[in-house]
Amino acid sequence: MKGADVTPMVEVTDLAVAFREAGHTTTVLDGLSLRVARDEVVCLLGPSGCGKSTLLRCLAGLRAPDRGEVRLRGEPVAGVPDGLGVVFQDYGRSLLPWSTVARNVDFGLPADLDRATRRARTAQALEAVGLADAAARRPGQLSGGMQQRVAIARALARRPDLLLMDEPFASVDALTRADLEDLLLRVRREYAMTVVLVTHDIDESIYLSDRVVVLSPRPAAVVADLAVDLGGDRDQITTRESHAFVHLRARAASLLRDGSDAPEPAQDTV
Amino acid sequence: MAAVERRGGGVGVTGARSPLVRWGVFALALVVWELAARAAGSAFFPPPSAIAAAGWALWFSGPAVLTEGAWADVLPSVGRVLAGWAVSGVIGIAVGLLLGRSRRATEYLAPLLAFARALPPPVLIPVFLVLFAAGTPMQLATIVFGTVWPVLLATAAGARDVDPVTIDTAEVYGVAGLRRLRRVILPASAPRIVAGLRVSLSLALILMVVSELVASTNGLGHQLVVAQRSFDFTAMWAAIVLLGAVGYALNAALLGVERRALGWTTAGG
């Protein structure tokens, strides 16, 4: 994934974060380093509570690291950077229940845009996630999957070059989840952007990404960096049955379990 | 809140929710009162029909519906309640937002607020009588001082408890300052603010009466004292009933506004 522009979109160097409360310190990240190229989709795969959400918060500028550095487009992160879209797991808490769907999407737009542009971008983003008809409704009147679509539309309306997603599909049912995964693959092709997605779901991490970064239990460190060569056209059924997918899943599972890589499978099994 | 409770009603309460049944009980209570008062025949407890007639003569039989007495008593009282309550609302919401969103402000001001709030407002009437002119200024000061706390504390709690994920979202999308206040903090705190405003409204009514009992030349509280001192117990009761009716009407109006403004809190179901 080397383009003409070699500056990585995301560059994390020796990141360390510790939480201190009631006189006792929990080290969440300790010396983590990571690079994400432009237009790459990278999934951070790690066990629950390993610190991957904290890592994402550092990328979003919502938390200052205790040590180390985060650079976006070569610039050190201090505060929330521009051109960022973020989708949180908890759409119920991240959407504004008192605002309509359209107002929620509008919320993501920069304050200095004029009214006509805002309206056009909102409509376009809702169209992209298949919610053009729901603009006047309130989040509370929508299903969980639809609410998360609103959150995705809000991020897209901003035209981000970096989309950060924190367990975005963990709170919806399996069918909705598959829909949302395909939605992400589609919008990723339509909007040129880098995506960093945090998940603890092995299948999802492989299905969605160009690269899976496997993290260890807390404090999170990079255990392995798996390239996902499944091409651009993916399908919930055939892709997940493919030899490459199944093999990657076995490797990721093994790496997650005890940090050891699964052996190459016999090549004759198809 | 009432709107929520009403939604949640099961099959068993359907009957009780019908206005006919509710007001039927009210009417029945009136009838019982009427009969009991007539049977007792005490000058201190006139029957409601006599109270209503006295009230009508006092306030509603005048040149253009309202009598001069109504202009002198009812309107100043209602005006003081609304003005005092509005000032409390503005101060309470403004200071409450500041306190709720600033840990430092809370730390500095918390002990002061706790003390000020613990003072029973009527004890300050003598102070306010010295500080402000007798009459409306003193009465407004009493009402404001007594009613500002529920709004202030409810607003502070509401502003402090805005969901951190919602705040993160505002942060990420660069929604800051006044824009964040208008689109996130205020609406998120609105249910608590309105609850505080309702407590304040009933307090404002109480303090209006109390402050009008002292050094006042008009208002319902004043009317109440005058009637009592001149042994006109029917007029005294009429003032009491009218105070109840005013309180009921103000609360009902606020509930109506609340149902419209906070419709989203029940929209999800």
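Trainee: How much of residues 10–242 of chain A is helix and how much is strand, and how far apart are the end C-alpha atoms?

Mentor: In this predicted model, that stretch is 32% helix and 27% strand, with its end C-alpha atoms 30 Å apart. The UniProt record, an unreviewed entry, annotates residues 10–242 of chain A as "domain: ABC transporter".

Trainee: What makes S1(A) and S2(A) count as paired strands?

Mentor: Pairing takes at least two bridges, and 10 bridges join S1(A), residues 10–21, to S2(A). They run antiparallel.

Trainee: Which order do the strands take, and why are S2 and S5 of chain A at the edges?

Mentor: The open sheet has 4 strands in the order S2-S1-S4-S5 (chain A), with antiparallel pairing. S2 (24–36) and S5 (75–76) each have a single partner strand, so one side of each has no neighbour in the sheet.

Trainee: What makes H5(A) largely enclosed?

Mentor: A residue is buried if 20 or more other C-beta atoms lie within 10 Å of its own. In H5(A), 11 of the 14 residues are buried, so the rest of the structure largely encloses the helix. Among them are A:Gln147, A:Arg149, A:Ile152 and A:Leu156. The cover includes strands S6 (84–87) and S7 (162–166), along with helices H2 (91–94), H3 (101–106), H4 (115–128) and H6 (174–190) of chain A.

Trainee: Which residues touch the most other members of the largest nonpolar core?

Mentor: Out of 130 residues, those are A:Leu45, A:Ala153, A:Leu164, A:Val196, A:Val214 and A:Ala252. A:Ala153 is also one of the buried residues of H5(A). Leaving aside neighbours within four places in sequence, A:Val214 has contacts including A:Leu45, A:Val223, A:Ala252 and A:Leu256.

Trainee: How many helices and strands does chain B have?

Mentor: Chain B has 13 helices and 0 strands. Its C-alpha trace spans about 70 × 55 × 35 Å along the principal axes, and 33% of its 269 residues are buried. Of the contacts with a separation of 6 or more, 71% come from residues 24 or more positions apart. The domain assignment gives domain 1 (4–41) and domain 2 (65–265), whose C-alpha centres lie 29 Å apart.

Trainee: Why is B:Ile91 called partly exposed?

Mentor: Buried needs 20 or more other C-beta atoms within 10 Å, exposed needs 12 or fewer. B:Ile91 has 15, so it falls in between. B:Ile91 sits in helix H5 (residues 68–101) of chain B. From B:Ile91 to B:Trp149 is 58 residues in sequence and 9.6 Å in space, C-alpha to C-alpha.

Definitions and conventions: Residues numbered from 1 in each chain as written. Chains lettered and ligands numbered in written order. Predicted model: local features only at pLDDT ≥ 70, side-chain atom pairs only at ≥ 80, totals over all residues. Helix = DSSP H or I, 4+ residues; strand = E, 2+ residues; numbered from the N terminus. UniProt positions renumbered as here; feature names shortened; annotations may be inferred. Contact = placed C-beta atoms within 7 Å. Domains from an automatic or database assignment. Core = buried A, V, L, I, M, F, W, Y, C linked by C-beta atoms within 7 Å.
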